[in-house]
Amino acid sequence: MTAVAFVPPNVLPPPLQRFAGLLKRKWFRELVLAPPTISRRRFSNKTEDYGVFQPSLVQSIGQLSIYVRDIARSRAWYEALAGLTHSRTCEEEPHPFKPGWRIRCCYMSAPEHEECLVLVEERDPDGKLTIPSGMSFFHMAFELRGNRLEDVMAFADQAKRAGFSRNYGPVRHNGEPPLGDGETGGNVACYFYDPDYNNVEFCCAMDTIENYRGRYGATKGSARA
Amino acid sequence: MTAHVAPQQIAAAKLQHHVIYVDDLAQSKDFYMKLFDLQFSALNHPDSSAAMRLSHQEMHFFSFGFYHHDICLVKHHKLKMDNGSMLHFSLVARDAAAFDGIRRRANEMGVPTREGRMIASAKTASGQRAFCVQDPNRHWVEIIEETQR
(Lines give C-alpha, C1' and ligand atoms only; values in the text may rest on other atoms or scores of the structure.)
Protein backbone atom coordinates (compact mmCIF):
# COMPACT_ATOMS: atom_id res chain seq x y z
CA MET A 1 0.00 0.00 0.00
CA THR A 2 1.22 3.40 -0.95
CA ALA A 3 1.80 6.01 1.72
CA VAL A 4 0.87 8.90 -0.55
CA ALA A 5 -2.09 10.79 0.85
CA PHE A 6 -3.79 12.37 -2.12
CA VAL A 7 -7.24 13.89 -1.94
CA PRO A 8 -8.79 14.73 -5.33
CA PRO A 9 -9.78 18.39 -5.71
CA ASN A 10 -13.48 17.61 -6.17
CA VAL A 11 -13.81 15.87 -2.80
CA LEU A 12 -16.15 17.64 -0.41
CA PRO A 13 -14.27 18.58 2.80
CA PRO A 14 -15.78 16.97 5.95
CA PRO A 15 -17.12 20.28 7.39
CA LEU A 16 -19.04 20.92 4.17
CA GLN A 17 -20.32 17.33 4.16
CA ARG A 18 -22.05 18.10 7.46
CA PHE A 19 -23.81 21.13 5.94
CA ALA A 20 -24.81 19.34 2.73
CA GLY A 21 -27.92 18.09 4.48
CA LEU A 22 -29.27 21.64 4.40
CA LEU A 23 -30.06 21.08 0.73
CA LYS A 24 -33.13 19.21 2.00
CA ARG A 25 -34.46 22.55 3.29
CA LYS A 26 -36.25 24.63 0.70
CA TRP A 27 -35.30 27.91 2.39
CA PHE A 28 -31.62 26.99 2.06
CA ARG A 29 -31.97 26.10 -1.62
CA GLU A 30 -33.77 29.39 -2.21
CA LEU A 31 -30.96 31.25 -0.44
CA VAL A 32 -28.31 29.58 -2.59
CA LEU A 33 -30.30 30.37 -5.72
CA ALA A 34 -30.97 33.99 -4.74
CA PRO A 35 -28.40 35.47 -7.19
CA PRO A 36 -29.92 33.90 -10.35
CA THR A 37 -33.41 34.61 -8.97
CA ILE A 38 -32.65 38.31 -8.49
CA SER A 39 -30.90 38.59 -11.85
CA ARG A 40 -33.76 36.68 -13.55
CA ARG A 41 -31.39 34.03 -14.89
CA ARG A 42 -32.99 31.30 -12.80
CA PHE A 43 -34.91 28.49 -14.46
CA SER A 44 -36.41 25.28 -13.17
CA ASN A 45 -34.63 21.96 -13.26
CA LYS A 46 -35.86 20.51 -16.48
CA THR A 47 -37.01 17.05 -15.57
CA GLU A 48 -40.60 17.94 -16.32
CA ASP A 49 -39.72 19.53 -19.65
CA TYR A 50 -38.14 16.62 -21.45
CA GLY A 51 -39.89 13.41 -22.28
CA VAL A 52 -38.17 10.18 -23.19
CA PHE A 53 -40.34 8.49 -25.72
CA GLN A 54 -38.19 5.96 -27.50
CA PRO A 55 -35.67 3.36 -26.40
CA SER A 56 -32.01 3.99 -27.11
CA LEU A 57 -29.70 1.50 -28.78
CA VAL A 58 -28.33 0.71 -25.31
CA GLN A 59 -29.94 -1.59 -22.80
CA SER A 60 -27.79 -1.18 -19.72
CA ILE A 61 -24.38 -0.37 -18.31
CA GLY A 62 -22.16 -3.41 -18.61
CA GLN A 63 -18.95 -2.86 -16.72
CA LEU A 64 -16.94 -0.08 -15.14
CA SER A 65 -13.21 -0.20 -14.50
CA ILE A 66 -11.67 2.26 -12.06
CA TYR A 67 -8.12 2.86 -10.95
CA VAL A 68 -7.28 2.04 -7.35
CA ARG A 69 -4.07 2.23 -5.35
CA ASP A 70 -4.52 -1.04 -3.49
CA ILE A 71 -6.77 -3.82 -4.80
CA ALA A 72 -6.93 -5.62 -1.46
CA ARG A 73 -8.03 -2.48 0.38
CA SER A 74 -10.63 -1.53 -2.24
CA ARG A 75 -11.91 -5.08 -2.55
CA ALA A 76 -12.48 -5.19 1.21
CA TRP A 77 -14.35 -1.89 1.08
CA TYR A 78 -16.70 -2.93 -1.73
CA GLU A 79 -17.32 -6.29 -0.07
CA ALA A 80 -18.04 -4.80 3.34
CA LEU A 81 -20.12 -1.79 2.33
CA ALA A 82 -21.69 -2.68 -1.03
CA GLY A 83 -21.92 -6.41 -0.48
CA LEU A 84 -20.15 -7.08 -3.76
CA THR A 85 -18.44 -10.44 -4.11
CA HIS A 86 -14.99 -11.15 -5.44
CA SER A 87 -15.07 -13.03 -8.75
CA ARG A 88 -11.38 -13.22 -9.60
CA THR A 89 -8.12 -11.29 -9.56
CA CYS A 90 -5.90 -11.71 -12.61
CA GLU A 91 -2.17 -11.69 -13.12
CA GLU A 92 -0.65 -8.50 -14.48
CA GLU A 93 -1.42 -7.84 -18.13
CA PRO A 94 -0.44 -5.18 -20.66
CA HIS A 95 -2.35 -1.93 -20.41
CA PRO A 96 -4.88 -1.86 -23.27
CA PHE A 97 -3.85 1.53 -24.62
CA LYS A 98 -0.66 2.69 -22.89
CA PRO A 99 2.37 0.94 -24.39
CA GLY A 100 4.79 -0.33 -21.75
CA TRP A 101 2.30 0.13 -18.90
CA ARG A 102 0.82 -2.81 -16.95
CA ILE A 103 -2.46 -3.37 -15.15
CA ARG A 104 -3.76 -5.89 -12.63
CA CYS A 105 -7.51 -6.39 -12.50
CA CYS A 106 -9.83 -7.52 -9.73
CA TYR A 107 -13.36 -8.35 -10.91
CA MET A 108 -16.23 -7.74 -8.47
CA SER A 109 -19.82 -8.95 -8.92
CA ALA A 110 -23.26 -7.97 -7.64
CA PRO A 111 -26.10 -10.50 -7.35
CA GLU A 112 -27.80 -9.28 -10.54
CA HIS A 113 -24.68 -8.06 -12.33
CA GLU A 114 -21.71 -10.33 -12.89
CA GLU A 115 -18.30 -8.63 -12.92
CA CYS A 116 -19.85 -5.18 -12.99
CA LEU A 117 -16.88 -3.46 -11.36
CA VAL A 118 -13.19 -3.88 -12.14
CA LEU A 119 -10.66 -2.56 -9.64
CA VAL A 120 -7.49 -1.77 -11.57
CA GLU A 121 -3.97 -1.21 -10.31
CA GLU A 122 -2.03 0.58 -13.05
CA ARG A 123 1.76 0.77 -13.22
CA ASP A 124 3.91 2.89 -15.52
CA PRO A 125 6.93 1.40 -17.36
CA ASP A 126 9.07 2.04 -14.23
CA GLY A 127 6.63 0.09 -12.07
CA LYS A 128 5.25 3.15 -10.34
CA LEU A 129 1.64 2.81 -9.23
CA THR A 130 -0.93 5.32 -10.53
CA ILE A 131 -2.71 7.46 -7.98
CA PRO A 132 -6.32 7.92 -9.13
CA SER A 133 -7.04 11.56 -9.98
CA GLY A 134 -10.73 11.54 -9.08
CA MET A 135 -11.50 13.70 -12.11
CA SER A 136 -12.77 11.20 -14.70
CA PHE A 137 -16.18 10.58 -13.19
CA PHE A 138 -18.29 12.38 -10.62
CA HIS A 139 -19.84 9.23 -9.22
CA MET A 140 -20.99 5.72 -10.03
CA ALA A 141 -24.31 4.39 -8.75
CA PHE A 142 -25.46 0.98 -7.59
CA GLU A 143 -29.12 0.09 -7.22
CA LEU A 144 -29.79 -1.66 -3.91
CA ARG A 145 -31.70 -4.93 -3.61
CA GLY A 146 -35.35 -4.23 -2.97
CA ASN A 147 -35.29 -0.94 -4.88
CA ARG A 148 -37.49 0.87 -2.33
CA LEU A 149 -37.01 4.03 -0.29
CA GLU A 150 -36.90 1.94 2.90
CA ASP A 151 -34.01 -0.08 1.51
CA VAL A 152 -31.84 3.03 1.16
CA MET A 153 -32.73 4.18 4.66
CA ALA A 154 -31.90 0.75 6.08
CA PHE A 155 -28.70 0.60 4.06
CA ALA A 156 -27.58 4.00 5.37
CA ASP A 157 -28.27 2.85 8.91
CA GLN A 158 -26.46 -0.43 8.35
CA ALA A 159 -23.44 1.39 6.94
CA LYS A 160 -23.34 3.80 9.86
CA ARG A 161 -23.45 0.98 12.39
CA ALA A 162 -20.57 -0.66 10.52
CA GLY A 163 -18.45 2.49 10.75
CA PHE A 164 -18.78 3.90 7.24
CA SER A 165 -19.25 7.66 6.90
CA ARG A 166 -21.59 9.05 4.25
CA ASN A 167 -20.57 12.17 2.37
CA TYR A 168 -24.19 12.92 1.40
CA GLY A 169 -27.71 11.63 2.01
CA PRO A 170 -29.99 9.91 2.40
CA VAL A 171 -31.80 12.32 0.12
CA ARG A 172 -34.43 12.04 -2.58
CA HIS A 173 -33.58 13.73 -5.86
CA ASN A 174 -36.76 15.75 -6.21
CA GLY A 175 -38.30 18.68 -4.37
CA GLU A 176 -40.59 16.77 -2.03
CA PRO A 177 -39.97 17.08 1.71
CA PRO A 178 -38.64 15.71 3.94
CA LEU A 179 -35.90 14.08 1.85
CA GLY A 180 -36.06 16.08 -1.38
CA ASP A 181 -32.92 18.07 -2.21
CA GLY A 182 -34.32 19.81 -5.30
CA GLU A 183 -32.43 17.65 -7.78
CA THR A 184 -33.85 15.40 -10.50
CA GLY A 185 -34.51 11.71 -11.09
CA GLY A 186 -36.61 10.87 -8.05
CA ASN A 187 -34.07 8.34 -6.78
CA VAL A 188 -33.46 7.99 -3.05
CA ALA A 189 -29.72 7.95 -2.53
CA CYS A 190 -26.78 8.06 -0.16
CA TYR A 191 -23.14 8.57 -1.11
CA PHE A 192 -19.80 7.32 0.20
CA TYR A 193 -16.17 7.86 -0.78
CA ASP A 194 -14.25 4.65 -1.40
CA PRO A 195 -10.61 4.38 -0.23
CA ASP A 196 -9.44 6.32 -3.33
CA TYR A 197 -12.16 8.97 -2.95
CA ASN A 198 -14.23 7.58 -5.81
CA ASN A 199 -17.75 8.77 -5.05
CA VAL A 200 -20.20 5.84 -4.87
CA GLU A 201 -23.96 6.28 -4.78
CA PHE A 202 -26.37 3.64 -3.50
CA CYS A 203 -29.90 4.29 -4.69
CA CYS A 204 -33.43 2.99 -5.15
CA ALA A 205 -36.77 3.96 -6.62
CA MET A 206 -35.62 6.11 -9.51
CA ASP A 207 -38.33 7.60 -11.72
CA THR A 208 -39.02 5.62 -14.86
CA ILE A 209 -40.22 6.64 -18.27
CA GLU A 210 -43.53 5.00 -17.46
CA ASN A 211 -43.93 7.68 -14.78
CA TYR A 212 -43.65 10.33 -17.49
CA ARG A 213 -46.12 8.57 -19.73
CA GLY A 214 -48.55 8.28 -16.86
CA ARG A 215 -48.36 12.03 -16.26
CA TYR A 216 -48.11 13.39 -19.78
CA GLY A 217 -49.07 10.66 -22.23
CA ALA A 218 -47.24 11.11 -25.51
CA THR A 219 -46.94 14.89 -25.28
CA LYS A 220 -43.32 16.00 -25.45
CA GLY A 221 -41.89 18.61 -23.15
CA SER A 222 -41.57 21.21 -25.89
CA ALA A 223 -45.29 20.82 -26.69
CA ARG A 224 -46.26 21.10 -23.03
CA ALA A 225 -44.26 24.32 -22.71
CA MET B 1 -11.08 1.11 7.62
CA THR B 2 -11.87 -2.07 9.51
CA ALA B 3 -15.62 -1.96 9.09
CA HIS B 4 -17.56 -5.19 9.08
CA VAL B 5 -21.21 -5.90 8.43
CA ALA B 6 -23.34 -8.96 8.95
CA PRO B 7 -23.75 -11.48 6.12
CA GLN B 8 -27.47 -10.68 5.78
CA GLN B 9 -26.65 -7.11 4.83
CA ILE B 10 -28.59 -5.00 2.38
CA ALA B 11 -26.41 -5.10 -0.70
CA ALA B 12 -26.03 -3.60 -4.14
CA ALA B 13 -27.99 -5.48 -6.79
CA LYS B 14 -26.44 -3.99 -9.90
CA LEU B 15 -24.55 -1.07 -11.36
CA GLN B 16 -27.34 1.33 -12.31
CA HIS B 17 -25.97 4.64 -13.60
CA HIS B 18 -22.68 6.38 -14.21
CA VAL B 19 -21.82 10.07 -14.15
CA ILE B 20 -18.74 11.10 -16.13
CA TYR B 21 -16.88 14.38 -16.33
CA VAL B 22 -16.68 16.08 -19.72
CA ASP B 23 -14.98 19.22 -20.92
CA ASP B 24 -17.52 20.41 -23.48
CA LEU B 25 -21.13 19.52 -22.68
CA ALA B 26 -22.51 20.38 -26.10
CA GLN B 27 -19.91 18.30 -27.91
CA SER B 28 -20.33 15.29 -25.60
CA LYS B 29 -24.10 15.52 -25.63
CA ASP B 30 -24.03 15.48 -29.43
CA PHE B 31 -21.71 12.47 -29.41
CA TYR B 32 -23.75 10.30 -27.02
CA MET B 33 -27.09 11.19 -28.56
CA LYS B 34 -25.96 10.61 -32.15
CA LEU B 35 -24.08 7.40 -31.47
CA PHE B 36 -26.44 5.68 -29.03
CA ASP B 37 -29.78 7.51 -29.34
CA LEU B 38 -29.54 8.36 -25.64
CA GLN B 39 -32.56 10.42 -24.61
CA PHE B 40 -31.98 13.76 -22.90
CA SER B 41 -34.05 13.63 -19.71
CA ALA B 42 -32.98 16.52 -17.47
CA LEU B 43 -30.65 19.45 -16.98
CA ASN B 44 -29.32 20.65 -13.64
CA HIS B 45 -27.51 23.96 -13.88
CA PRO B 46 -26.03 26.45 -11.37
CA ASP B 47 -28.96 28.74 -12.25
CA SER B 48 -31.53 26.01 -11.55
CA SER B 49 -30.04 23.78 -8.87
CA ALA B 50 -28.66 24.70 -5.45
CA ALA B 51 -26.42 21.63 -5.37
CA MET B 52 -24.98 22.45 -8.78
CA ARG B 53 -24.45 26.09 -7.78
CA LEU B 54 -22.58 25.10 -4.63
CA SER B 55 -20.45 22.50 -6.41
CA HIS B 56 -19.80 24.66 -9.53
CA GLN B 57 -21.11 21.91 -11.76
CA GLU B 58 -23.63 21.45 -14.54
CA MET B 59 -25.16 18.04 -15.18
CA HIS B 60 -27.00 16.71 -18.23
CA PHE B 61 -29.01 13.53 -17.72
CA PHE B 62 -29.62 10.82 -20.32
CA SER B 63 -31.88 7.80 -20.33
CA PHE B 64 -31.57 4.46 -22.11
CA GLY B 65 -35.38 4.46 -22.28
CA PHE B 66 -36.59 3.03 -18.99
CA TYR B 67 -35.01 4.80 -16.00
CA HIS B 68 -34.95 8.58 -15.66
CA HIS B 69 -31.17 8.53 -16.09
CA ASP B 70 -28.50 5.97 -16.90
CA ILE B 71 -25.61 8.15 -18.09
CA CYS B 72 -24.99 11.71 -16.95
CA LEU B 73 -22.45 14.17 -18.32
CA VAL B 74 -21.01 16.68 -15.88
CA LYS B 75 -19.00 19.80 -16.51
CA HIS B 76 -17.08 21.13 -13.51
CA HIS B 77 -16.77 24.87 -14.02
CA LYS B 78 -13.76 25.26 -11.69
CA LEU B 79 -11.78 22.02 -12.12
CA LYS B 80 -10.33 20.31 -15.16
CA MET B 81 -11.41 16.76 -15.94
CA ASP B 82 -8.91 14.06 -16.95
CA ASN B 83 -8.71 10.34 -17.69
CA GLY B 84 -6.83 9.46 -14.54
CA SER B 85 -9.41 7.63 -12.48
CA MET B 86 -11.33 5.48 -14.95
CA LEU B 87 -9.98 3.00 -17.49
CA HIS B 88 -13.28 2.44 -19.30
CA PHE B 89 -16.99 1.77 -18.99
CA SER B 90 -19.13 -0.48 -21.14
CA LEU B 91 -22.62 -0.24 -22.57
CA VAL B 92 -24.67 -3.29 -23.52
CA ALA B 93 -26.34 -2.88 -26.92
CA ARG B 94 -30.02 -3.77 -26.93
CA ASP B 95 -29.65 -6.49 -29.56
CA ALA B 96 -27.55 -7.48 -32.59
CA ALA B 97 -29.15 -4.86 -34.82
CA ALA B 98 -28.43 -2.14 -32.24
CA PHE B 99 -24.82 -3.32 -31.96
CA ASP B 100 -24.42 -3.14 -35.75
CA GLY B 101 -26.12 0.25 -35.78
CA ILE B 102 -23.72 1.69 -33.23
CA ARG B 103 -20.74 0.35 -35.16
CA ARG B 104 -22.05 1.83 -38.42
CA ARG B 105 -22.66 5.20 -36.81
CA ALA B 106 -19.21 5.19 -35.20
CA ASN B 107 -17.63 4.64 -38.61
CA GLU B 108 -19.74 7.37 -40.19
CA MET B 109 -18.82 9.78 -37.40
CA GLY B 110 -15.12 9.00 -37.75
CA VAL B 111 -14.88 8.01 -34.10
CA PRO B 112 -11.67 6.24 -32.99
CA THR B 113 -12.47 2.54 -32.45
CA ARG B 114 -10.77 -0.72 -31.53
CA GLU B 115 -12.05 -4.27 -31.83
CA GLY B 116 -12.78 -6.65 -28.96
CA ARG B 117 -13.05 -6.16 -25.20
CA MET B 118 -11.16 -3.26 -23.67
CA ILE B 119 -9.43 -5.37 -21.02
CA ALA B 120 -7.83 -8.60 -22.25
CA SER B 121 -8.74 -10.51 -19.09
CA ALA B 122 -12.46 -9.59 -19.30
CA LYS B 123 -14.82 -12.50 -19.90
CA THR B 124 -16.46 -12.80 -23.29
CA ALA B 125 -19.50 -15.02 -23.78
CA SER B 126 -19.40 -17.44 -26.68
CA GLY B 127 -20.13 -15.56 -29.89
CA GLN B 128 -20.41 -12.23 -28.13
CA ARG B 129 -19.15 -9.27 -30.11
CA ALA B 130 -17.52 -6.18 -28.63
CA PHE B 131 -15.71 -3.09 -29.77
CA CYS B 132 -14.63 0.16 -28.14
CA VAL B 133 -14.94 3.81 -29.06
CA GLN B 134 -13.20 6.84 -27.65
CA ASP B 135 -15.47 9.77 -26.82
CA PRO B 136 -14.56 13.46 -27.31
CA ASN B 137 -12.95 13.52 -23.85
CA ARG B 138 -10.82 10.42 -24.48
CA HIS B 139 -13.00 8.26 -22.23
CA TRP B 140 -13.01 4.71 -23.63
CA VAL B 141 -16.52 3.29 -24.03
CA GLU B 142 -16.90 -0.41 -24.72
CA ILE B 143 -19.95 -1.65 -26.62
CA ILE B 144 -21.02 -5.23 -25.95
CA GLU B 145 -23.61 -7.23 -27.81
CA GLU B 146 -26.42 -8.60 -25.65
CA THR B 147 -26.40 -12.37 -26.03
CA GLN B 148 -28.75 -13.38 -23.21
CA ARG B 149 -31.97 -12.94 -25.20
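Predicted model: local features only at pLDDT ≥ 70, side-chain atom pairs only at ≥ 80, totals over all residues.
Which residue of β5(A) stands opposite Leu64(A)?

**View 1. Pairing of β1(A) with β5(A) within chain A.** Leu64(A) stands opposite Leu117(A), a residue of β5(A). Strand β5 of chain A spans residues 113-123 and runs parallel to β1(A), to which 4 bridges join it.

**View 2. Pairing of β1(A) with β5(B) across the two chains.** Strand β1 of chain A, residues 58-67, is joined to β5(B) by 6 bridges, and these two strands run antiparallel. Here Leu64(A) has Phe89(B) of β5(B) as its bridge partner.

**View 3. The side of chain B that touches chain A.** Contacts involve 72 residues of chain B and 83 residues of chain A. At least two residues of this side of chain B come from each of several elements, among them the strands β1 (12-21), β2 (39-44) and β5 (86-93) and the helices α2 (50-55) and α3 (96-109). The largest share, 10 residues, is supplied by β1(B). By residue class, the side of chain B that touches chain A comprises 38 nonpolar, 23 polar and 11 charged residues.

Technical notes:
Residues numbered from 1 in each chain as written. Chains lettered and ligands numbered in written order. Contact = placed C-beta atoms within 7 Å. Nonpolar A, V, L, I, M, F, W, Y, C, P; charged D, E, K, R; others polar. Pairing = 2+ DSSP bridges.
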